[in-house]
Amino acid sequence: MVNKDKVIQVIGSISDVIIENSERLNDLDRAIGDADHGINMKRGFEKVKVTLDSTDFTDITHAFKTVGMTLLTTVGGASGPLYATAFLKFADQCKDVSEIDAQVYENMLGAAIEGIKKRGKSDAGCKTMLDVWIPYYDTLKKEQEGGADLNDALATSLQAAKEGFEYSKTIIATKGRASYLGERSLGHGDPGAASTVLILQSFTDMLQEG
Ligand code: ADP
Ligand code: MG
């Protein structure tokens, strides 16, 4: 079970891994965008870290909401409002919840995906972060419905997320800045898909450690 302290810990881990990988995210964005995805995300998560250290969170919802609002005001770019939406949706799903279990986690992911789709007017197959979020979520749901052990289901889902990033290399971007490139976006992985893998990796670790 994942309580408030674990959630605060995972937010810290996500922040660290995004900051560590910012150059790689810039490089991916350099190929099909404007080379700032790492800069944007680093700026956001550095601020999240400062806020984590200075805030006494009342509950899980408060923690996720704070992350969402911080990302909204600091990340910028197309990805800022989309990641902000994801964390604000997580917050909604954790109202009155003292621990995140498998069902709550599924609800969080489902709500985040709906929010990103709506805000980005996009869906799977557009070469965006959704090409990682959606297979991760769909796989988790399917594995859980099939009665898989949670740790196994999470491992399979993370694999599906990584495959989603690989898949993003094989398609033409139809949303976001990369869509300006048309066919020239082929062969390059989507930067937002890469940052989503990092975030979902941290969440997966958190749930697996339970
Ligand atoms: P910008 O494109 O404004 O420079 P970033 O570089 O920070 O912003 O983020 C780019 C990422 O945002 C893309 O790689 C993609 O994953 C994501 N993205 C952009 N537009 C959309 C959209 N409409 N729906 C979903 N994700 C999107
Ligand atoms: Mg960019």
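Which radius of gyration would a compact globule with 210 residues have, and which does the chain have? The rule gives a value near 17 Å and the chain has 16 Å, which agrees; the radius is taken over C-alpha atoms, and the rule is 2.2 Å times the number of residues to the power 0.38. Along its principal axes, the C-alpha trace spans about 45 × 40 × 30 Å.

This is a predicted model, in which local features need pLDDT of at least 70 and side-chain atom pairs count only at pLDDT 80 or more, while totals for chains, interfaces and linings use all residues. Residues are numbered from 1 along each chain as its sequence is written, chains are lettered from A and ligands numbered from 1 in the order in which they are written, and side-chain values use heavy atoms, without hydrogens and water.

The chain holds nine helices and two strands, which are DSSP runs (H or I, at least four residues; E, at least two). Their order along the sequence is β-α-α-α-α-α-β-α-α-α-α.

Ligand 1 is surrounded by 20 residues, each with a heavy atom within 4 Å of it. Three of them make these polar contacts, pairs of N or O atoms within 3.5 Å:

| Residue and its atom | Atom of ligand 1 | Distance |
|---|---|---|
| Gly120, backbone N or O | nitrogen | 2.8 Å |
| Ser122, side-chain N or O | nitrogen | 2.7 Å |
| Asp190, polar side-chain atom | oxygen | 2.5 Å |

The elements that give two or more residues to this shell are α3 (37–54), α5 (79–93) and α9 (191–209). The largest share, three residues, comes from α9.

How values were computed: A polar contact is a pair of N or O atoms within 3.5 Å; within protein, one must be able to donate a hydrogen and the other to accept it, and residues adjacent in sequence count only if both atoms are side-chain atoms.
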